[in-house]
Amino acid sequence: QVLLVESGGGFVQPGGSLRLSCAASGSSFKIYDMNWYRQAQGKQRELVAGITSGGSSNYADSVKGRFTISRDNDKNTLYLQMNSLKPEDTAVYYCNAHIIVVGSTINYWGKGTLVTVSS
């Protein structure tokens, strides 16, 4: 069993920054792609950014140039640096990872961390 735990959410004013982290823990697993999703109240969950095990990344158009996704494979940790935050970035942010455990690829989700951008 693998556990993904997000941290770093909170309240920030427009234009501010936050750094989210997602730590994976467990035993005998290998992580492939990792992603950040978000879900605003009343809206569908959407992909914010993704990164492969080799470090290639992609972003939603709405966050390009403001958010940066990165990962530390030695620490099994995913990050999302969010700059120039806007009120429309307010959402619960979820960590997602495709993980091989005992020969099977499983799609894991964290429980989410709330980001609120407001003046």
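## Loop residues with positive phi

Asn76 counts as partly exposed because its relative accessibility is 25%; here buried means under 20% relative accessible area, exposed over 50%, and partly exposed in between, with a 1.4 Å probe and protein chains only. The model is a predicted one, in which local features need pLDDT of at least 70 and side-chain atom pairs count only at pLDDT 80 or more, whereas totals for chains, interfaces and linings use all residues. Residues are numbered from 1 along each chain as its sequence is written, and side-chain values use heavy atoms, with hydrogens and water left out.

Asn76 is located in the loop between β7 (67-72) and β8 (77-82); helices (H or I, at least four residues) and strands (E, at least two) are DSSP runs, numbered from the N terminus. Although Asn76 is not a glycine, its phi is positive, at about 50°. Ser84 also has a positive phi of about 50° without being a glycine. Ser84 belongs to the loop between β8 and β9 (91-101), and its relative accessibility of 40% is why Ser84 counts as partly exposed. As background, most residues other than glycine have a negative phi.

## The disulfide

How many disulfides does a search of the whole structure find? The search finds one, a disulfide being a pair of cysteine sulfur atoms within 2.5 Å. Such a link is a covalent bond between the sulfur atoms of two cysteines. The partners are Cys22 and Cys95, with their sulfur atoms 2.1 Å apart. This pair links distant parts of the chain, since Cys22 is in strand β3 (residues 18-26) and Cys95 is in strand β9, 73 residues apart.

The torsion about the S-S bond of Cys22 and Cys95 is about -75°, and the disulfide is therefore left-handed. Both Cys22 and Cys95 are buried.

## A network of salt bridges

Four salt bridges are present in the structure, each being a side-chain nitrogen of Lys or Arg within 4 Å of a carboxyl oxygen of Asp or Glu. Arg38, Glu46, Arg66 and Asp89 are linked in a network of these salt bridges. Within it, the side chains of Arg38 and Glu46 meet at 2.7 Å, N to O. Glu46 counts as partly exposed because its relative accessibility is 35%, while Arg38, at 7%, counts as buried.

Arg38 also meets the side chain of Asp89 in a salt bridge of 2.9 Å, N to O. Asp89 lies in the loop between β8 and β9 and Arg38 in strand β4 (residues 29-39), so this pair ties together parts that are 51 residues apart in sequence. With a relative accessibility of 1%, Asp89 counts as buried. Asp89 forms a salt bridge with Arg66 as well, and the closest N and O atoms are 2.7 Å apart. Because Arg66 lies in the loop between β6 (57-59) and β7, and Asp89 in the loop between β8 and β9, the pair ties together parts that are 23 residues apart in sequence. Arg66 counts as buried at 10% relative accessibility.

Leu85 is in the loop between β8 and β9. Is Leu85 buried or exposed? Leu85 counts as buried because its relative accessibility is 2%. The C-alpha atoms of Leu85 and Gly15 are separated by 4.9 Å, while the two residues are 70 residues apart along the chain.

Residues up to four places away in sequence aside, Leu85 touches several others, including Val12, Pro14, Gly15, Leu18, Arg66, Phe67 and Val117; contact means heavy atoms within 4.5 Å.

## Surroundings of Asn96

Asn96 belongs to strand β9 and is buried, with a relative accessible area of 1%. Its side chain and that of Asn107 are joined by a polar contact of 2.6 Å. A polar contact is a pair of N or O atoms within 3.5 Å; within protein, one must be able to donate a hydrogen and the other to accept it, and residues adjacent in sequence count only if both atoms are side-chain atoms.

With neighbours within four places in sequence left aside, the residues in contact with Asn96 are Leu4, Asp33, Met34, Asn35, Tyr37, Asn107, Tyr108 and Trp109.
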